[in-house]
Every structure is written in C-alpha cells, then in structure tokens.
Amino acid sequence: MGKITQILIYKTRNKIFWRRLLAVLTLIISTGLLVIFTNFISSAAMNKSTQKPSFSRDFTLRVSKNEVLGAKEELIQKPHPLPLTLKNWQDKTNSSDYFDQITPTKVGYLIWSRFPVQVKIDKPTGMSEKQAQIWVNSVLEAVQEWSIYLPLQVVEQPEADITIVRKAPPLQLSPQKIPRARSALTTFELYTSNNVLSHRFRILLSPSQAGEYVQASARHELGHALGIWGHSPLQTDALYFSQVRNPPTISARDVNTLKRIYEQPTNLGW
C-alpha cells in the first residue's frame with residue numbers, strides 16, 4: 001500500500017507540474033503577443049502623426065473612376081479655360097503667391113468649371129431674428145468679396161455647390177491626443193452628374209465666432225472652397241493658417257494663388 005500511495009502522489013505532483021508549466025507557457029506567449037500588438041499600434045500611431053496636417057479640411061470620396069466614365073478607362077486630367085474674372089486679373093503690386101503650399105487631391109486641383117458657383121447660406125436658428133440676420137450679412141459680405149475674382153451666386157436650394165452653416169465643427173485631436181475646438185471646418189465630397197465628375201463643399205462656422213471674426217472665418221473657408229486647398233505662411237493673406245487679431249482681407253497673393261490653381265489640370269468638370 002505504501003508503494004501504491006507513493007505512485008499516486010508522484011502522478012498527482014506530475015500532473016500539477018505540467019499544468020503549472022502549461023500555464024506559464026501560455027502566459028509567456030500571451031505577453032509576447034500583447035507586446036507585438038502594442039508595438040504595432042504605436043508604430044501605426046507614429047506614422048499617422050507624422051503625416052502632413054489636414055488643415056482642418058476633410059475629403060470624402062463617394063464615387064469610383066469607373067462610375068464616372070461608365071467604363072474602365074482612366075480619367076485624364078486637363079485644365080479648363082480660365083474664367084474671365086481671373087483671366088483679366090492683373091497684380092499691379094507684383095506680389096508673389098503661395099502655390100507651393102497648395103495640396104492637389106486624388107482628382108487634381110479643386111477647380112470650378114461651371115459658373116456662377118452657387119452658394120447657400122443657412123440662416124441660423126436658436127438666436128434672435130436680428131442676430132441671425134447679422135450673422136448672415138457677415139457671411140454674405142465674404143461671399144461678395146470673393147465674387148470679384150470668381151462668379152458666385154447666393155441661392156436658396158438645398159443642393160448648392162457650397163453650403164455655409166453656423167454649427168460647431170467636431171473637436172480636433174492635437175498630436176498629444178488632446179481634443180481642441182476649432183473655429184471652422186471645410187469639407188468636400190465628389191459625385192457624378194451626367195457622367196461628369198463634380199464636387200460640392202460644406203463649411204461649418206463655429207457659433208463662438210462673433211463680429212468681424214465671422215466674416216474673417218467665412219472669407220478664409222470660402223478660399224478653400226473655391227480651390228485654395230492649403231494655407232499661406234504670411235499673416236497678411238486671408239488664407240493664413242491661423243486666426244489673427246486683425247483679420248486680413250483678400251490679398252493679391254491670395255488671388256495670384258487662386259489664378260495659378262485655375263491654370264492647373266484636374267479631373268473635375270470632365
């Protein structure tokens with residue numbers, strides 16, 4: 001009986017040993033996989049953080065190239081004729097431009113080819129009639145400023161080329177992953193109409209903006225919507241990358257940049 005007992009005890013201890021060994025191996029493997037996965041996520045986050053900043057602009061692609069053509073041919077980028085307002089523009093100050101800061105999209109430069117470009121200003125709610133009209137008038141002044149250089153038309157229909165809304169843009173994450181508010185946001189999407197590739201814009205202006213800053217934000221975001229998909233490094237330009245205490249009006253450099261953009265090839269409008 002003593003030997004049998006010893007054998008049973010040995011087998012029991014052996015089973016416990018192998019169970020513990022299996023548990024340790026499982027823990028080691030799981031920890032290794034967790035480390036690999038964590039490093040992968042960290043690497044992806046690092047790659048994302050080093051990408052070129054989006055300048056608070058978003059891009060939504062809702063159509064494929066094949067859908068645009070109704071066939072398998074690739075789209076060919078080519079320029080449109082300059083609108084007369086830009087063709088006749090002459091910079092008497094001999095200012096430069098910031099065309100090298102403009103980012104072309106996958107379909108080329110964001111050029112309008114059908115004029116006038118239709119702009120809809122959504123009348124805000126949740127405020128007095130007088131305050132709402134003041135806001136609309138400020139945005140309307142910005143539209144009139146740009147209409148000197150490109151034909152624009154204020155319309156009421158919901159599907160306009162550019163829609164401007166008094167609404168808080170979603171929070172933006174800083175490189176340190178800290179949410180921060182932004183004063184405005186411009187987004188665009190692509191669509192097809194009669195097999196022609198087209199685009200439309202939506203501009204959100206934060207309700208926190210007041211006074212001359214409403215017009216300044218509208219002026220800046222309209223510059224994006226008219227084709228200036230980038231920012232100027234100079235505070236004297238309307239498309240300067242940050243809001244300043246004394247907002248500048250549209251400069252010769254802004255218009256020079258806009259004209260150069262409209263001389264570039266694009267898929268839009270074809």
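Analyst: Pro170 is partly exposed, with a relative accessible area of 44%, where partly exposed lies between buried, under 20% relative accessible area, and exposed, over 50% (1.4 Å probe, protein chains only). This is a predicted model, in which local features need pLDDT of at least 70 and side-chain atom pairs count only at pLDDT 80 or more, while totals for chains, interfaces and linings use all residues. Residues are numbered from 1 along each chain as its sequence is written, and side-chain values use heavy atoms, with hydrogens and water left out.

Pro170 sits in the loop between strand 4 and strand 5 (172-173), strands (E, at least two residues) and helices (H or I, at least four) being DSSP runs numbered from the N terminus. Once its neighbours within four places in sequence are set aside, Pro170 is in contact with Arg182, Leu185 and Leu204, contact meaning heavy atoms within 4.5 Å. The C-alpha atoms of Pro170 and Arg180, which are 10 residues apart along the chain, are separated by 9.0 Å.

Strand 7 (residues 184-193) pairs with strand 8 in the antiparallel sense over 10 bridges, a pair requiring at least two bridges found by DSSP. Ser193 has Val196 of strand 8 as its bridge partner, and in the hairpin of these strands, with 2 residues between them, Asn194 takes a positive phi near 55 degrees.

Strand 4 (162-166) and strand 8 (196-205) are also among the elements that cover the buried residues of helix 4, including Trp135, Val139 and Trp146.
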